[in-house]
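User: Let us go through this model by question and answer. Please keep it brisk.

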Amino acid sequence: MELSSDRLLSNKKQKARSSRPVGSGSRFRLGGKKEEAERQRKLELIRTPVLSCYRIAVISLKGGVGKTTTTTALGATLASERQDKILAIDANPDAGTLGRRVRRETGATIRDLVQAIPYLNSYMDIRRFTSQAPSGLEIIANDVDPAVSTTFNDEDYRRAIDVLGKQYPIILTDSGTGLLYSAMRGVLDLADQLIIISTPSVDGASSASTTLDWLSAHGYSELVARSITVISGVRETGKMIKVEDIVAHFETRCRGVVVVPFDEHLATGAEVDLDMMRPKVREAYFNLAAMVAEDFVRHQQAQGLWTSDGNPPPVAPPPLPGQPLPGQPVPGQPPYPGQHPYPGQPGQPGHPGQPVPGQFAPQQPAPPVPGQPYPGQPPVPGPQPGQPQHHAGPPYPQQPPQGQTPPPPPPPPSQ
């Protein structure tokens with residue numbers, strides 16, 4: 001018998017609990033004007049442009065505390081509210097279950113992706129290894145066989161992140177239980193944000209606190225100081241555990257604590273659907289996403305992408321690797337079709353219609369084959385009679401559409 005969500009869930013077609021208002025704002029609303037203004041502030045934080053890959057590691061020493069659930073729900077919230085490419089990968093060496101939290105579109109795993117790294121040159125090459133949820137979150141699953149999944153080691157993780165980080169601005173890692181397996185070294189070394197998972201229990205809270213102790217003692221004290229603790233699965237009717245004391249403890253050790261109430265939909269362990277969550281649970285993950293986003297500015301300042309003098313950040317996403325900035329034609333030359341120059345851009349020296357010597361044209365990120373001139377430049381002296389002229393095309397990897405001709409070269413400069 002197949003143990004799938006289609007077979008085991010008793011009422012798959014239940015009514016959605018979270019509303020979806022029409023418009024460009026947040027995907028749910030709750031409360032009056034004051035609460036909505038605060039939610040809008042958090043939404044603007046969540047939608048902060050991320051110009052380099054931001055890596056989030058979700059860890060715990062104890063199993064069954066909601067690590068995979070938190071990874072999926074947080075990733076789905078970020079993807080839904082940002083409308084951006086968000087990826088979650090399963091780095092659990094013990095047959096991780098991240099692949100069961102979205103409807104699988106492929107049987108490929110993280111190990112398959114690592115083996116194909118030499119051939120991954122674009123987003124669509126990577127997309128063949130991911131499954132996408134309705135929220136827009138993409139996941140890369142791990143092997144369900146523990147004997148196979150343990151082969152995903154530290155070197156594999158670093159290679160995978162290096163390739164994936166060029167296409168996804170935010171990557172979440174669902175780590176395994178424990179801190180000493182091979183890939184965990186790479187997970188911690190590359191993490192920009194750490195999320196520690198605890199439960200509202202004595203052993204769950206103690207394990208989470210021990211995790212912070214171990215990390216601080218092994219060179220990750222700075223990561224611990226800006227980490228976030230999630231207390232997952234808190235039942236509102238529970239009276240035996242003083243959750244407020246657990247919150248107070250971790251508030252002294254981390255930069256923030258988020259309490260996530262118990263949710264029956266998440267407890268099924270099936271595909272995560274934001275609309276099926278209780279409104280309070282949906283809001284808790286929204287607050288978690290906003291708390292994570294508070295660190296985006298620090299991360300990008302550390303990368304040299306944002307200024308610290310109050311200047312606004314760029315609003316456009318970065319170009320794909322090897323492609324020029326959009327709307328930046330050669331000074332003095334009409335822009336190519338589909339390009340628009342930035343208003344007020346100062347001119348540069350050089351002949352009209354020609355790029356500055358030693359500077360590539362905006363659609364020419366790589367030099368041409370030796371001996372071939374740029375479009376708009378006079379031929380290199382000494383060509384052989386009858387030698388055909390070669391025109392450089394658009395940047396790799398795109399090919400020019402059939403029948404489209406490049407813009408005519410400008411007249412040569414007057415003698």
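**Cysteines, burial and packing**

User: How many disulfides does the count come to?
Analyst: A disulfide is a pair of cysteine sulfur atoms within 2.5 Å. By this rule the count is zero disulfides.

User: What kind of model is this, and how many residues does the protein chain have?
Analyst: This is a predicted model, where local features need pLDDT of at least 70 and side-chain atom pairs pLDDT 80 or more, while totals for chains, interfaces and linings use all residues. Residues are numbered from 1 along each chain as its sequence is written, and side-chain values use heavy atoms, with hydrogens and water left out. Of the residues in the protein chain, 45% count as buried (under 20% relative accessible area; exposed is over 50%, partly exposed in between; 1.4 Å probe, protein chains only). The number of residues is 415.

User: How many helices and strands does the protein chain have?
Analyst: Helices (H or I, at least four residues) and strands (E, at least two) are DSSP runs, numbered from the N terminus. That gives 14 helices and eight strands.

User: What share of the contacts with a separation of 6 or more comes from residues 24 or more positions apart?
Analyst: Contact means heavy atoms within 4.5 Å. In the protein chain, the share from residues 24 or more positions apart is 76%.

User: Is Cys 53 buried or exposed, and what about Cys 254?
Analyst: Cys 53 has 10% relative accessibility, so Cys 53 counts as buried. Cys 254 has a relative accessible area of 7%, so Cys 254 is also buried.

User: Where is Asp 192, and is Asp 192 buried or exposed?
Analyst: Asp 192 lies in the loop between helix H8 (182-190) and strand E6 (193-198).

User: Which elements do the buried residues of H8 pack against?
Analyst: The buried residues of H8 are Ala 183, Met 184, Gly 186, Val 187, Leu 188 and Leu 190. They pack against strand E1 (54-60), helix H7 (154-164), strand E5 (170-177), E6, helix H9 (202-217) and helix H10 (221-225).

User: How are H9 and H11 oriented?
Analyst: Axes are lines fitted to C-alpha atoms, for helices over the stretch in contact, and angles run from 0 to 180 degrees between N-to-C directions. Under 35 degrees counts as roughly parallel, over 145 as roughly antiparallel, 65 to 115 as roughly perpendicular and the rest as oblique. The axes of H9 and helix H11 (residues 243-251) come within 11 Å and cross at roughly 0°. That makes H9 and H11 roughly parallel.

User: Which residues make the contact of H9 with H11?
Analyst: H9 gives Ala 205, Ala 208, Ser 209 and Leu 212. H11 gives Ile 246, His 249 and Phe 250.

User: How are H3 and H13 oriented?
Analyst: The axes of H3 (residues 67-82) and helix H13 (residues 279-293) come within 9 Å and cross at roughly 75°. That makes H3 and H13 roughly perpendicular.

User: Which residues does Thr 68 touch?
Analyst: Thr 68 is found in helix H3. Its relative accessible area is 11%, so Thr 68 is buried. Its C-alpha is separated by 9.3 Å from that of Gly 269, 201 residues apart along the chain. Leaving out residues up to four places away, Thr 68 touches Thr 97, Leu 98, Arg 101 and Asp 174.

User: Is Gln 83 buried or exposed?
Analyst: Gln 83 sits in the loop between H3 and strand E2 (86-91). Its phi is near 55°, a positive value in a residue other than glycine. The relative accessible area is 54%, so Gln 83 is exposed.
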